[in-house]
Amino acid sequence: MHQDRTEPTLSQARGWRRLLAREEHEADLGRRRFVLRHGPAGTIIEDAEKSYLFGFNAVVSQELGKIEELPPRQRAFGYEGAGAACTALDLLTLTRGRRLHELLAGPAAQHQYAVHLGAGRGYALLRLRPVRRAKRSHPLLRWLAVDGYGFQRSLDHTDRMVGERALPDLPTRAFRGTFDQGLGRLLWYHDCASPDDVAARVSAYPAGRRADLWSGVAFAATRVGGAGPADLERLAEHAGADGFRAHLAQGCAFAAAAGLWAGPPPEHVEQAVRALTGAESGEVASWVDDALTALGHDPHTHDDFLAWQAGTRRAWAGRHG
């Protein structure tokens, strides 16, 4: 992992930047009492977090170009970290999203989803809610920050959010649902890509939360990987038995569409798309694009974001009806 790159030189960081720097041990999910198995799944999941920290520190050290030294599979996670660091710096220095905007308009133009997820992690690191912020980011993708916030808050408070299944402190049920998509992504990490364990974890939550959890699980299963075709098919069976097969497909479709912005999908994404949606990545990306087009001119509200996801689910259901 990362053999062909050098770590950001944090010794050059000063002030807020030095205080924000992340330590490499934060990617050790075992110290958070996550389930880590020997074999590729644990390595894949921890590599994603290592790349996130690498991208975060690349911004802190003002060496953003180092993210391009990451292997292609890891760059999206690097830019997720960059989004978190830019957001935190913007909030601390009251620059109204300037760094995040420049990141999205420049180096991370092909990783828009990742940066917006990272922005939410940046809010969470500062204990701020992203509900009415991120004004200079993408008018619709900005709501992914609530998902990213959910992931980071659940990572930082796993005992409460996973162990006690606490409700997130957000103003509406709709926002709590998007938070739960981030929590669902975390569950994929927490149970190390085991379909049976992840399904058991999801089933312990109230039925009203499980649709969004399944969506987040599928996003992580597709984007991060860690499970082979047979395990992914079993994951789909679990979601279907729980009554949330369409939400699993929608989360997978969003992850596939996000990846296609950066180029042809890697094999682990294609495997997940086939197992979780029954289609190919190009087709599922068209579901996402068509659902966005159907929203009409200037979609930007959280309701529009939820309608985008619902339209993607209808496209999957129409194909399999």
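**View 1. Helices α5 and α6 make a right-handed crossing.** Right-handed means that the near helix is turned clockwise from the far one by less than a right angle. The model is predicted: local features need pLDDT of at least 70, side-chain atom pairs need 80 or more, and totals for chains, interfaces and linings use all residues. Residues are numbered from 1 along each chain as its sequence is written, and side-chain values use heavy atoms, without hydrogens and water. Helices here are DSSP runs of H or I with at least four residues, numbered from the N terminus. α5 spans residues 112-125 and α6 spans residues 144-156. Their axes, lines fitted to C-alpha atoms over the stretch in contact, lie 6 Å apart. The packing angle is about 50 degrees.

**View 2. Residues of α5 meet residues of α6.** Contact means heavy atoms within 4.5 Å. Y113, H116 and L117 are among the α5 residues involved. On α6, the partners include L144, F151 and L155.

**View 3. Helix α8 runs through residues 173-190.** Its 18 residues reach 24 Å from first C-alpha to last. That is close to the expected 26 Å, which is 1.5 Å times one less than the number of residues. Of the 18 residues, 15 are buried, so α8 is largely enclosed by the rest of the structure. Buried means under 20% relative accessible area (1.4 Å probe, protein chains only). Just after α8, C192 takes a positive phi of about 50 degrees.

**View 4. F175 lies in α8.** F175 is buried, with a relative accessible area of 10%. Beyond its neighbours within four places in sequence, F175 contacts V131, W143, V146, L170 and H302. F175 and L306 are 131 residues apart in sequence, yet 9.8 Å apart in space, C-alpha to C-alpha.

Conventions:
Helix = DSSP H or I, 4+ residues; strand = E, 2+ residues; numbered from the N terminus. Buried < 20%, exposed > 50% of the residue type's maximum accessible area, 1.4 Å probe, protein only. Axes fitted to C-alpha atoms, helices over the stretch in contact; angles between N-to-C directions.
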